[in-house]
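Take a look at the fold before reading on.

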Amino acid sequence: MLAAENGRDPRLKAISDAIRVVPHFPKPGIMFHDITTLLLDHKAFKDTVDLFVERYRDMGISIVVGIEARGFIFGPSIALGIGAKFVPLRKPGKLPGRVISESYELEYGTDQLEMHVGAVQPGERTIIIDDLVATGGTLSAAIRLLERFQAEVVECACVVGSPVVQGECELKEKPLFVLVEPHR
């Protein structure tokens, strides 16, 4: 679901306008949506976090899961705002101690996400946060990883998402909430 579908919140335009599009990065044909410019605009950054907090505050969420690395920017603030714990999902070899991992396909190869064993307990209500959804592969891997611990994944949330992806990506039948669509 796109946030704008719930009415026209004026904060959404400012958030969208604060995201820079970099053509042909990191390779030709890719339109990179750079959220670092959003982070430079303290009001748009705060509005981004506030919109997520407003959505999840009364949903009984106990864990906010952030995907490395840009999910780490939004996830902890959202977790603090709703009174939940924050759990990072990292790339391989970044977490000390016992971890569990989940592989996933990329357009250009494969990758993995890892999580500490014991970070999530069965039945805990979780949301997964990332900056952008492209194919849904990373979010799907995060869902699989959390479900291996019998967590209840309530929703996936991203700052930016393509209308095509929202209709086509497979997230194991989990809802996808997106604040803004990419610039055209």
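Predicted model: local features only at pLDDT ≥ 70, side-chain atom pairs only at ≥ 80, totals over all residues.

Start with helix α1, which covers residues 10–18. Its buried residues are Arg11, Leu12, Ile15, Ser16 and Ala18. Seen down the axis of α1, they fall within an arc of 160 degrees, so they line one face of the helix. What do these buried residues pack against? Two helices are on the list: α2 (36–40) and α3 (42–56). Three strands are on it too: β1 (20–23), β8 (152–161) and β9 (176–180).

Now take α1 together with α3. Two packed helices are described by the angle between their axes and the distance between the axes. For α1 and α3 the angle is about 130 degrees, and the axes are 9 Å apart. The crossing of α1 past α3 is left-handed. On the α1 side, the residues that meet α3 are Arg11, Leu12, Ala14, Ile15 and Ala18. On the α3 side they are Ala44, Asp47, Thr48, Asp50, Leu51 and Glu54. Arg11, Leu12, Ile15 and Ala18 are also among the buried residues of α1.

Helix α3 has another partner, α4. Here the packing angle is about 50 degrees, with 9 Å between the axes. α3 and α4 are therefore oblique to each other. This crossing is right-handed. Its contact is made by Phe45, Thr48, Val49, Phe52, Val53 and Tyr56 from α3. From α4 come Ile73, Phe74, Ser77, Ile78, Gly81 and Ile82. Thr48 of α3 takes part here, and Thr48 also meets α1.

Is Ala157 buried or exposed? Its relative accessible area is 0%, so Ala157 is buried. Leaving aside neighbours within four places in sequence, Ala157 is in contact with Phe52, Tyr56, Ile128, Ile129, Asp130 and Phe177. Phe52 and Tyr56 also belong to the contact between α3 and α4. Ala157 and Gly66 are 91 residues apart in sequence, yet their C-alpha atoms are 9.9 Å apart in space.

Next comes Ile143, in helix α5 (residues 137–148). Ile143 is buried, because its relative accessible area is 0%. Beyond four places in sequence, the residues in contact with Ile143 are Ile128, Val153, Cys156, Leu171, Lys172 and Lys174. Ile128 is also a contact of Ala157. Along the chain, Ile143 and Glu102 are 41 residues apart. Their C-alpha atoms are separated by 9.6 Å.

Finish in a loop. Glu68 sits between β3 (63–67) and α4 (71–82). Why does Glu68 count as buried? Its relative accessibility is 17%, and buried means under 20%, so Glu68 falls in that class.

Technical notes: Residues numbered from 1 in each chain as written. Heavy atoms only, no water. Helix = DSSP H or I, 4+ residues; strand = E, 2+ residues; numbered from the N terminus. Buried < 20%, exposed > 50% of the residue type's maximum accessible area, 1.4 Å probe, protein only. Arc of directions from axis to C-beta. Contact = heavy atoms within 4.5 Å. Axes fitted to C-alpha atoms, helices over the stretch in contact; angles between N-to-C directions. Parallel < 35°, antiparallel > 145°, perpendicular 65-115°, else oblique. Left-handed = near helix turned anticlockwise from the far one by under 90°.
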